[in-house]
Amino acid sequence: ELGPHRDWIVVDGTLRRQVSGAIGLAKSFTYTYLAGADYEALYRLEPGHRTRAFQFQRGRPPFSVVAWYLRLWDATGRDPRYSLVRVETTEVDPNDPRATERIDDISGWLLAERIPSAKADERWATLLYPVHHLERILKRRLDMETRSWWKQS
């Protein structure tokens, strides 16, 4: 359950292994897991909407991933892939009668995390604000720690 007593972590990119409580957020992709009408609907997604969920195997040893595409912002007049992310998790059992509810909860949580938006960053349309904020903190810290490396003694 998504809730105050459950910790989740967003992984920037695809899930490379099965990790409890992890959600992968793939922001760029060349391979689409959907075909036919589902593929066509993918690029017409309205902001805040998602595709149906699908399941595939990844890794060695193989593990099961449940994924779906989610449109974070309006793409009108832009490339149809604009603001589109693929959400991945190993925490949803597709046989669970509440799977759709859990997927909707995760999607809603991710949509809430895009505000405030990081529009100063060129990647803002697929960037969750907490990730943007953490990147800024880490870049400042790295800059402070490495600044002395370039000073000559």
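What is the accessible surface of the protein, and which share of it belongs to carbon and sulfur atoms? The accessible surface comes to about 10,000 Å², and 52% of that belongs to carbon and sulfur atoms. The model is predicted.

## Overall build

The protein has 3 helices and 5 strands. Along the sequence these follow the pattern β-β-α-β-β-β-α-α.

Of the 153 residues in the protein, 39% are buried. Among contacts with a separation of 6 or more, 49% are between residues 24 or more positions apart.

## Aromatic pairs

The structure holds 7 aromatic pairs. One of them joins Tyr-33 and Phe-54: the ring centres are 5.6 Å apart and the planes stand at 25°, so this pair is stacked. Tyr-33 lies in the loop between strand E2 (22-26) and helix H1 (36-42), while Phe-54 belongs to strand E3 (residues 54-58), so the pair ties together parts that are 21 residues apart in sequence.

Tyr-33 is partly exposed, at 29% relative accessibility, whereas Phe-54 is buried, with a relative accessible area of 8%. Phe-54 also forms a stacked pair with Phe-56, at 6.1 Å centre to centre and 25° between the planes. Phe-56 is buried as well, at 11% relative accessibility.

Tyr-33, Phe-54 and Phe-56 are part of one aromatic cluster that also includes Phe-29, Tyr-31 and Tyr-69.

## Arginines over rings

Two arginines lie over aromatic faces. Arg-78 is placed over the face of Tyr-82, 4.3 Å from the ring centre. Arg-114 lies over the face of Trp-73, at 4.4 Å from the ring centre.

Conventions: Residues are numbered from 1 along each chain as its sequence is written. This is a predicted model: local features need pLDDT of at least 70, side-chain atom pairs count only at pLDDT 80 or more; totals for chains, interfaces and linings use all residues. Side-chain values use heavy atoms; hydrogens and water are left out. Helices (H or I, at least four residues) and strands (E, at least two) are DSSP runs, numbered from the N terminus. Buried means under 20% relative accessible area, exposed over 50%, partly exposed in between (1.4 Å probe, protein chains only). Contact means heavy atoms within 4.5 Å. Accessible areas come from the Shrake-Rupley method with a 1.4 Å probe; for residues, only the protein chains shown count as cover. Rings of Phe, Tyr and Trp (its six-membered ring) pair if their centres lie within 6.5 Å; planes under 30 degrees apart count as stacked, over 60 as edge-to-face and the rest as tilted. A charge sits over a ring if NZ of Lys or CZ of Arg is within 6 Å of the ring centre and within 35 degrees of the ring normal.
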